[in-house]
Amino acid sequence: MTRAELGDFLRRRRDALTPAAAGLPGGGRRRAPGLRRDEVASLAHLSVTYYERLEQGRGPHPSAATLAALSGALRLTGDERDHVYRLAGHAAPAGPDETPDPGLLALLHGNASAPGYLADDLGTVLAQNALNVALFGPFTDLPGRAGNLIWRWFTSPQWRDTLEPGEDHEPTGRAYVADLRAVTAQRGHDEAALALVEDLRAVSAEFARMWDEHHVSALHCATKHIVDRRVGRLDLDCVVVTSPHSRQRLLLLLPMAGTGTEARLRGVLSPH
């Protein structure tokens, strides 16, 4: 933990927060416009002595619960809250991520000629374009784990058999698992990530084997070769787009030039 940096950051945020912004009465004349230490301690349900030691860089290692209380008391933005957690040696907390990121959603719908979907960092699909639904089926608004790509991959061999040749199954599965390991650590091993891992281990020996190998890697996807029963082979370059404003990912499958895939993709949506 960078105690001095954490203490300095807390002090500066306290000095910048007015009583009115914190929901407190002004209390008459003040020597400074910001909050007093005792006011922050009261808002965060901490002892004044404990909070003073944190600001002075002498405090103990604060828990995640303490940091959450301080973030609320000081009215920190999401970026400021994440910064406080990292200064204290904690992973930044994973907040609710169910509403599609507006920027990524615009990119998804602006690329209607490429199958694409938007998912949270645990693989639950939040939005799809028409081509993605036509090729892979609907994922959004399904109950339980049914809308999670990793879950579908490891629990529905019939579904993945229709998408990729058998020789591609192992590397694709390993890529899903390595990314999930990285995400689980980034989320601070929170309840949602651990529950998904536990459930996958319970239903898939293949997942359990790959998980126990402990490979870690950020999400990436290789070129995809899909054989669609309606139009034949589709050769697709995979692109992953992320946003600084959320933990979500946009995945687009772009038709490879010179393969005829672009024309065949148009046929996927045509009446047959």
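Let's start with the rings. There are four aromatic pairs in this structure, counting rings of Phe, Tyr and Trp (its six-membered ring) whose centres lie within 6.5 Å. One of them joins Phe154 and Phe207. Their centres are 5.4 Å apart, and the planes stand at 80°, so the pair is edge-to-face. For ring planes, under 30 degrees apart is stacked, over 60 is edge-to-face, and the rest is tilted.

A word on the source. This is a predicted model, where local features need pLDDT of at least 70, side-chain atom pairs count only at pLDDT 80 or more, and totals for chains, interfaces and linings use all residues. Residues are numbered from 1 along each chain as its sequence is written, and side-chain values use heavy atoms, with hydrogens and water left out.

Helices here are DSSP runs (H or I, at least four residues), numbered from the N terminus. Phe154 has 6% relative accessibility, so it counts as buried. Phe207 is at 0% and is buried as well. The cut-offs: buried is under 20% relative accessible area, exposed is over 50%, and partly exposed is in between (1.4 Å probe, protein chains only).

Phe207 also pairs with Trp211. That pair is stacked, at 5.7 Å centre to centre and 20° between the planes. Phe207 and Trp211 are four residues apart in α12, which means about one helical turn separates them. Trp211 is buried too.

Now, what does α12 pack against? Helix α10 (residues 169–186) meets α12 (residues 205–212), with the axes within 9 Å and crossing at roughly 60°. Axes are lines fitted to C-alpha atoms over the stretch in contact, and angles run from 0 to 180 degrees between N-to-C directions. That makes α10 oblique to α12. Under 35 degrees is roughly parallel, over 145 roughly antiparallel, 65 to 115 roughly perpendicular, and the rest oblique. On the α12 side, the contact residues include Phe207 and Trp211; contact means heavy atoms within 4.5 Å.

Last, helix α1 (residues 3–16) and helix α5 (residues 78–87). They pack at about 150°, with axes 9 Å apart. That makes α1 roughly antiparallel to α5. From α1, Glu5, Leu6, Phe9 and Arg13 meet Glu80, His83, Val84 and Leu87 in α5.

Conventions. Helix = DSSP H or I, 4+ residues; strand = E, 2+ residues; numbered from the N terminus.
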